[in-house]
Amino acid sequence: MSARDLFHEAVRNALEKEDWIITNDPLEIQFEEVKLKIDLGAERLIAAEKAGEKIAVEIKSFATNSPVSDFHTALGQFLNYQIALEEKEPERLLYLAVPVDVYETFFQSRLARIAVQRHQVKIVVYDPIMEVIVKWQL
């Protein structure tokens, strides 16, 4: 089993507070000979007569001394997971979960803004202390 992110439970709790049902912890995707593990899979009903929304969430804490290095790793994982989901579960939207302090600092840098826009990274911003979702950025 791979190691969980420092804020894994905080993000899980925050999603559950917003009525997401955690369906996979982790969400495993078999892509030919490669097994990928995205931190969480979740869904919620939009309305009684509609199908539910499905998401996958890759959680990052950005806890090292190098936010650039953490970002490289997070972006690489996001892009690989996106490819696998497009092939295996195209109805599921992938989000990168980042702590609010990192979003308000590093993710406002020009490099991060361009990369997020260019690669169409969907972001969920969370507060790890309050265990709440602060923002959904599509």
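Is Glu87 buried or exposed? I looked this up first. Glu87 counts as exposed because its relative accessibility is 57% (buried is under 20% relative accessible area, exposed over 50%, partly exposed in between, with a 1.4 Å probe and protein chains only).

Before going on, I noted the ground rules. The model is predicted, so local features need pLDDT of at least 70 and side-chain atom pairs count only at pLDDT 80 or more, while totals for chains, interfaces and linings use all residues. Residues are numbered from 1 along each chain as its sequence is written, and side-chain values use heavy atoms, with hydrogens and water left out.

**Entry: overall fold.** I found four helices and eight strands in the chain (DSSP runs numbered from the N terminus: H or I of at least four residues for helices, E of at least two for strands). Starting at the N terminus, I read the order α-β-β-β-β-β-α-β-α-α-β-β. The radius of gyration is 15 Å, close to the 14 Å from the globule rule for 138 residues, so the chain is as compact as a globular protein of that length (radius over C-alpha atoms; the rule is 2.2 Å times the number of residues to the power 0.38). The C-alpha trace spans about 45 × 40 × 30 Å along its principal axes. I noted 42% of the 138 residues as buried.

**Entry: helix α2.** Glu87 sits in helix α2, residues 67-88. Glu87 also belongs to a surface patch of negative charge with Glu32, Glu33 and Glu86 (patch residues have over 30% relative accessible area and no salt bridge; like charges are joined within 9 Å, nonpolar side chains within 5 Å). Thr73 is in helix α2 too. Thr73 counts as partly exposed, at 46% relative accessibility. I read 10.0 Å between the C-alpha atoms of Thr73 and Phe62, which are eleven residues apart along the chain.

**Entry: the β7-β8 loop.** Met130 lies in the loop between β7 (122-127) and β8 (132-137). At 54% relative accessibility, Met130 is exposed. I found Met130 in a nonpolar surface patch with Ile129, Val132 and Val134, with about 400 Å² of accessible area together (Shrake-Rupley method, 1.4 Å probe). Glu131 is in the loop between β7 and β8. Its phi is near 55 degrees, positive in a residue other than glycine. Glu131 is partly exposed, at 24%.

**Entry: other backbone points.** I placed Gln120 in the loop between α4 (110-118) and β7. With a relative accessible area of 62%, Gln120 is exposed. Asp25 and Pro26 are joined by a cis peptide bond, with omega about 10 degrees. Pro26 is in the loop between β1 (21-24) and β2 (27-31).

Note on methods. A salt bridge is a side-chain nitrogen of Lys or Arg within 4 Å of a carboxyl oxygen of Asp or Glu. Lys and Arg count as positive and Asp and Glu as negative; His and the chain ends are not counted. The place of a charge is taken as NZ of Lys, CZ of Arg, CG of Asp or CD of Glu.
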